[in-house]
Amino acid sequence: MNVLEFTAVVAIVSFVAGLLGSLTGLGGGVVLVPLLTIFFHVDIRYAIGASLVSVIATSSGAAASYVKEGFSNIRIGMFLEIATTLGALLGAFLATRIPTSALAIIFGAVLLYSAYLSRKPRTQAERSLPLDPLATRLRLNGSFPDLEGRRSYNVQRVPTGFSLMFGAGALSGLLGIGSGAVKVLAMDQAMRIPFKVSTTTSNFMIGVTAAASAGVYLSRGYVDPGLSMPVMLGVLAGSLLGSRILVKAETKSLRLVFSAVILVLGLQMLYHGFWGKI
Amino acid sequence: MPAAQAPARQSQPFKPQPWRDRRIEVILGNLLRTGVLISAAVVLLGASIYLSRHAHDPADYGVFRGEPSEYRTIRGVIQSVIVGRGRGQGIIQLGLLLLIATPIARVAFSVVGFAIERDRLYVVFTLIVLAILLYSFLGSGIGL
């Protein structure tokens with residue numbers, strides 16, 4: 001393949017990655033890393049560099065409209081970002097000290113179970129939750145534009161969510177990818193935040209977490225301009241389209257897309273654990 | 001447009017809240033969009049130069065060689081753009097650096113936004129995030 005063909009094909013694949021990444025709050029890396037390494041025979045380090053670029057592009061591309069429309073909760077994002085960035089520092093520190101294969105297998109199994117859990121939409125009773133004193137003190141409760149008007153929500157189990165976010169950060173430092181998944185799951189399943197708010201707030205956060213590790217990858221020479229260029233432009237276009245779709249989409253269908261992508265990520269992690277890096 | 005309240009549901013324990021942080025959200029949204037558009041424009045410019053010269057070269061990323069040092073640090077990238085040796089790649093790399101800067105700018109602006117709202121707790125939270133972010137970004141040897 002010559003550079004022109006390669007650029008065109010990678011841009012198309014990245015468009016799809018950006019679309020899925022912005023709809024699910026996972027970033028584009030989940031789709032991009034295995035495709036680049038398996039089908040385009042890109043070295044894993046270049047793929048990780050490109051994936052990092054794709055996560056920031058998805059996050060910033062979609063966040064503009066998610067923040068403006070009032071979906072992402074910037075307080076929840078900033079509060080939890082403390083846990084994530086600290087966790088990422090710990091993960092990077094531990095990365096050379098503990099074997100990641102066992103961790104990848106556990107994480108993979110957790111993701112497969114989560115794919116099953118997060119498929120189910122919430123019942124009306126599960127939506128009406130009491131005020132949590134800590135969430136109220138931290139001013140985390142908010143509202144978002146539902147299909148039939150603006151809907152308020154009360155955040156639950158803040159300490160559990162905060163701890164899971166610390167774990168999400170550590171995992172992303174250890175395994176390279178997968179922090180978006182834990183972020184969405186922690187907000188959706190533990191803190192009982194509405195699904196669209198969970199995915200868009202995760203989308204807001206993943207860019208910040210990725211920027212924290214961008215310096216390391218850039219200075220190690222992982223970020224190649226020729227490869228990252230079609231990735232960035234494709235992902236950006238995909239995430240802009242994705243952010244338009246999410247606003248009007250039914251939560252039920254978003255949950256299905258999310259659970260399918262999580263399933264793929266879980267299988268990736270199991271593969272990673274048993275046979276080494278993809 | 002005033003924030004519309006959700007229609008009342010039976011036995012709803014929510015206390016309906018006004019849409020807070022509206023102003024910060026609009027400014028943050030515009031900041032992000034501007035940052036992304038500028039970086040995309042720079043990458044596109046670099047891409048057109050790069051593709052016009054290398055379109056028919058073989059694309060091979062199978063072997064990791066690592067980027068040359070001029071694409072690994074902020075100073076290196078800026079120098080390669082000024083000197084023009086970048087052949088497009090330097091300009092692309094500059095666009096990528098601008099892209100990486102948008103989330104950092106977003107956090108930095110949030111500090112200001114929460115300060116305007118006199119929300120001390122969140123000024124502190126956001127400053128902590130900004131400090132960790134700058135520590136790991138600048139501490140990585142990327143240089144200034």
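Which residues does L96(B) touch, not counting residues up to four places away in sequence? L96(B) touches V53(A), V223(A), S228(A), M232(A) and V43(B). That list holds residues of chain A as well as one of chain B.

**The core**

L96(B) belongs to the largest nonpolar core, which has 117 residues. L96(B) is among the residues with the most contacts inside this core, along with V53(A), I56(A), M232(A) and V43(B). Helix 3 of chain A gives the most to the core, with 14 residues. In soluble globular proteins, nonpolar side chains tend to be buried together.

**The contact between the chains**

Chain A brings 65 residues to the contact, and chain B brings 67 residues. On the side of chain A that touches chain B, several elements give two or more residues, including helix 1 (3–24), helix 4 (74–94), helix 10 (195–219) and helix 11 (225–248). Strand 1 (142–146) and strand 2 (149–153) of chain A are also among them. Helix 3 of chain A gives the most to this side, with 13 residues. By kind, the residues on this side of chain A divide into 32 nonpolar, 23 polar and 10 charged.

**Chain A as a whole**

Chain A has 12 helices and two strands. From the N terminus on, its elements run α-α-α-α-α-α-α-β-β-α-α-α-α-α. The C-alpha trace of chain A spans about 55 × 40 × 30 Å along its principal axes. How does its radius of gyration fit a compact globule? A compact globule of 278 residues would have a radius of gyration near 19 Å, and the 18 Å of chain A agrees with that. Of the 278 residues of chain A, 59% count as buried. Now take the contacts in chain A with a separation of 6 or more. Residues 24 or more positions apart account for 80% of these contacts.

**The hairpin**

Strand 1 and strand 2 of chain A form a hairpin, with two residues between them. The two strands pair in the antiparallel sense over five bridges. In this pairing, P145(A) stands opposite R150(A), which lies in strand 2 of chain A.

**Two arginines with positive phi**

R157(A) has a positive phi, in a residue other than glycine. R118(B) also has a positive phi, again in a residue other than glycine. Their values are set out below.

| Residue | Phi |
|---|---|
| R157(A) | near 40° |
| R118(B) | near 55° |

R157(A) is found in the loop between strand 2 and helix 8 (158–175) of chain A. R118(B) is found in the loop between helix 3 (89–116) and helix 4 (120–138) of chain B. Is R118(B) buried or exposed? R118(B) is exposed, because 8 other C-beta atoms lie within 10 Å and the cut-off for exposed is 12 or fewer. R157(A) has 17 C-beta neighbours inside 10 Å, so it counts as partly exposed.

The predictor gives the complex an ipTM of 0.88 and a pTM of 0.87. The mean pLDDT of chain B is 81, and 83% of its residues reach 70 or more. Where in chain B does pLDDT stay under 50? It stays under 50 over residues 1–18 of chain B. For this stretch the model has 27 contacts beyond four places in sequence. Where pLDDT is low, the predicted coordinates should not be read in detail.

Methods: Residues are numbered from 1 along each chain as its sequence is written. Chains are lettered from A and ligands numbered from 1 in the order in which they are written. Two residues are in contact if their C-beta atoms, placed from the backbone, lie within 7 Å. Helices (H or I, at least four residues) and strands (E, at least two) are DSSP runs, numbered from the N terminus. Ala, Val, Leu, Ile, Met, Phe, Trp, Tyr, Cys and Pro count as nonpolar, Asp, Glu, Lys and Arg as charged, and the others, Gly among them, as polar. pLDDT is the predictor's confidence in each residue, from 0 to 100. The radius of gyration is taken over C-alpha atoms; the globule rule is 2.2 Å times the number of residues to the power 0.38. A residue is buried if 20 or more other C-beta atoms lie within 10 Å of its own, exposed if 12 or fewer, and partly exposed in between; C-beta atoms are placed from the backbone. A nonpolar core is a set of buried Ala, Val, Leu, Ile, Met, Phe, Trp, Tyr and Cys residues joined through C-beta atoms within 7 Å. Two strands pair if DSSP finds at least two bridges between them.
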